[in-house]
Amino acid sequence: TSPFEMFFLSLSVFGPISLIKAVHIGAAAIWIGTSFHTFLVVRSSENGSKISLMNIKYGNALLYTTTFAVGIVVSTGLINAIYKHRIDFDSLVNTAYGLTLFVKILAVIPVLIFGSLIEFRYLPRLRSANSEEMRKQAILRFKTLLIAELSLFALIVFVATVFTALHPSA
């Protein structure tokens with residue numbers, strides 16, 4: 001059988017929600033991976049070498065990939081919570097599953113804010129730094145936000161593992 005046939009076979013066996021979960025996890029991996037890659041590039045640049053990530057063409061491609069992955073993660077997460085688990089406001093605040101989902105949402109919000117700050121404030125400052133001192137300050141702020149973002153990703157992954165043990169009605 002071809003990969004195309006296997007895709008439709010798995011869709012018929014496991015259903016569309018399983019496909020949505022797989023896309024959700026894959027997009028989350030891309031989101032986390034691009035952030036971790038950015039951190040490694042910034043960390044390696046602290047010794048004075050140029051930051052290849054700051055190349056506009058490469059930086060924009062990474063931004064578009066990350067933005068697309070974020071959109072996929074948010075939309076598939078909402079679809080999964082609303083349509084499969086029938087999460088409403090009452091179950092969001094009165095069940096362990098709902099409270100865990102709420103914690104995950106609360107952790108994602110600062111990640112989105114940090115990503116926006118990195119893209120719209122610190123990346124332009126880093127690209128336009130005229131002196132070595134300005135460049136070092138921009139790298140430090142950039143790196144600090146990346147560390148905070150990656151720490152929140154760790155929390156989100158931990159919370160997501162709790163989901164595997166909870167039933168939506170729990």
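**A first stop: F102**

F102 has its place in helix α5. Keep in mind that this is a predicted model.

- Is F102 buried, partly exposed or exposed? With a relative accessibility of 38%, F102 counts as partly exposed, because the partly exposed class lies between under 20% (buried) and over 50% (exposed).
- F102 and V159 are separated by 57 residues in sequence, and their C-alpha atoms are 10.0 Å apart in space.

**How α5 meets α6**

- Helix α5 covers residues 96–127, and helix α6 covers residues 132–163.
- The axes of α5 and α6 come within 9 Å and cross at roughly 160 degrees.
- That angle makes α5 roughly antiparallel to α6, because angles over 145 degrees count as roughly antiparallel.
- The crossing of these two helices, α5 and α6, is left-handed.
- What kinds of residues form the contact of α5 with α6? They divide into 27 nonpolar, two polar and five charged residues.

**I72 in helix α3**

- I72 sits in helix α3, which spans residues 56–84.
- At 22% relative accessibility, I72 counts as partly exposed, because buried means under 20%.
- Which residues does I72 touch, once neighbours within four places in sequence are set aside? I72 is in contact with V23 and A27.
- I72 and A28 lie 44 residues apart in sequence, while the distance between their C-alpha atoms is 8.3 Å.

**F36 in helix α2**

- F36 belongs to helix α2, made up of residues 16–45.
- F36 has 42% relative accessibility and so counts as partly exposed.
- Along the sequence, F36 and I147 are 111 residues apart; in space, C-alpha to C-alpha, they are 9.0 Å apart.

**The whole chain**

- How many helices and strands does the chain have? There are six helices and zero strands.
- The chain has 170 residues, and 34% of them count as buried.
- Among contacts with a separation of 6 or more, 77% come from residues 24 or more positions apart.

Technical notes. Residues numbered from 1 in each chain as written. Predicted model: local features only at pLDDT ≥ 70, side-chain atom pairs only at ≥ 80, totals over all residues. Heavy atoms only, no water. Axes fitted to C-alpha atoms, helices over the stretch in contact; angles between N-to-C directions. Helix = DSSP H or I, 4+ residues; strand = E, 2+ residues; numbered from the N terminus. Parallel < 35°, antiparallel > 145°, perpendicular 65-115°, else oblique. Left-handed = near helix turned anticlockwise from the far one by under 90°. Nonpolar A, V, L, I, M, F, W, Y, C, P; charged D, E, K, R; others polar. Buried < 20%, exposed > 50% of the residue type's maximum accessible area, 1.4 Å probe, protein only. Contact = heavy atoms within 4.5 Å.
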